[in-house]
Amino acid sequence: MTDLTGLRLSYTRAELRRADLNPDPLAQFQGWLQEAIDTDLREPYALSLATAGAGGRPSVRTVLLRGATPAGLTFYTNYDSHKGRDLSANPQAELLFHWPELERQVRAYGPVSRVPDEESDAYFHARPRESQLAAHASDPQSAPVSGREALEAAFAALHDRFPEGTEVPRPDFWGGFRVAVQEWEFWQGRANRMHDRFTYVRHAGDWLIQRLMP
């Protein structure tokens, strides 16, 4: 294997100054995300979701952002999955967006709650039909399965249960979570590891912006 200690990049694409920042962190995030989308990055709305169960064991995985509003950042999953069980026991999470082509990262932390059923219904029925069936087939998500054949058989059975032209109901075990962000961090890579980092933290009903050491 290649010696990893010799692999590194120097980030020289851009800088981030205090004067560049929007006073509203959501607007700052939306601007960076839109830039990533406009740059045609692959799945720039993908994020790493970190959770911990009641015992404190951390867990991280990739999910897709499906909403960024003043109410919070939204993603959808199986409520009985590993992450769903973590969030039921310990309803807080941290999200990480990494856009290496732009030499940027965004972290967001906050408490988590389920989105209203009607919102989950609307998103579920906006998904491709095959994805709706897959939500049913992969229950309980994260549980052991005897083999790929069993998974494919369950998927085929769902095609028979819900033939083309019939509505696939959203299962009760599937829906959205929303992170009400209380702390943001915006990171812009710089040369010589002298990165630009700024946090937004809720303070007296407003956002306190601070530069962090790289």
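Predicted model: local features only at pLDDT ≥ 70, side-chain atom pairs only at ≥ 80, totals over all residues.
Q: Which strands pair with E5, and in what sense?
A: Strand E1 (residues 46–52) pairs with E5 in the antiparallel sense over 3 bridges, and Ser48 has Leu96 of E5 as its bridge partner. Strand E6 (residues 104–114) also runs antiparallel to E5, joined to it by 8 bridges, and here Ala93 is partnered by Gly110 of E6. The hairpin of E5 and E6 has 4 residues between the strands, and in this hairpin Glu103 takes a positive phi near 55°.

Q: Which residues of helix H4 are buried, and what do they pack against?
A: In helix H4 (residues 129–137) the buried residues are Arg129, Gln132, Leu133, Ala135, His136 and Ala137. These buried residues pack against helix H3 (117–126), helix H5 (148–161) and strand E7 (174–179).

Q: How is an aromatic pair described, and how many does the structure hold?
A: A pair of aromatic rings is described by the distance of the centres and the angle of the planes. The structure holds 14 aromatic pairs. In one of them, Tyr123 and Trp174 have ring centres 6.1 Å apart and planes at 10°, so the pair is stacked. This pair links distant parts of the chain, since Tyr123 is in helix H3 and Trp174 is in strand E7, 51 residues apart. Tyr123 is partly exposed, with a relative accessible area of 21%, whereas Trp174 is buried, at 6%. The rings of Trp184 and Phe186 are likewise stacked, because their centres are 5.9 Å apart and their planes at 15°, and both residues are buried.

Q: Which residues form the aromatic cluster, and where do the arginines sit over rings?
A: One aromatic cluster is formed by Phe29, Trp32, Phe97, Trp99, Trp184, Phe186 and Tyr200. The charged end of Arg104 sits over the ring of Trp32, 4.2 Å from its centre, and Arg114 lies over the face of Tyr79, 3.6 Å from the ring centre.

Notes:
Residues numbered from 1 in each chain as written. Heavy atoms only, no water. Buried < 20%, exposed > 50% of the residue type's maximum accessible area, 1.4 Å probe, protein only. Helix = DSSP H or I, 4+ residues; strand = E, 2+ residues; numbered from the N terminus. Contact = heavy atoms within 4.5 Å. Pairing = 2+ DSSP bridges. Phe/Tyr/Trp six-rings, centres within 6.5 Å; stacked < 30°, edge-to-face > 60°. Lys NZ or Arg CZ within 6 Å of the ring centre and 35° of its normal.
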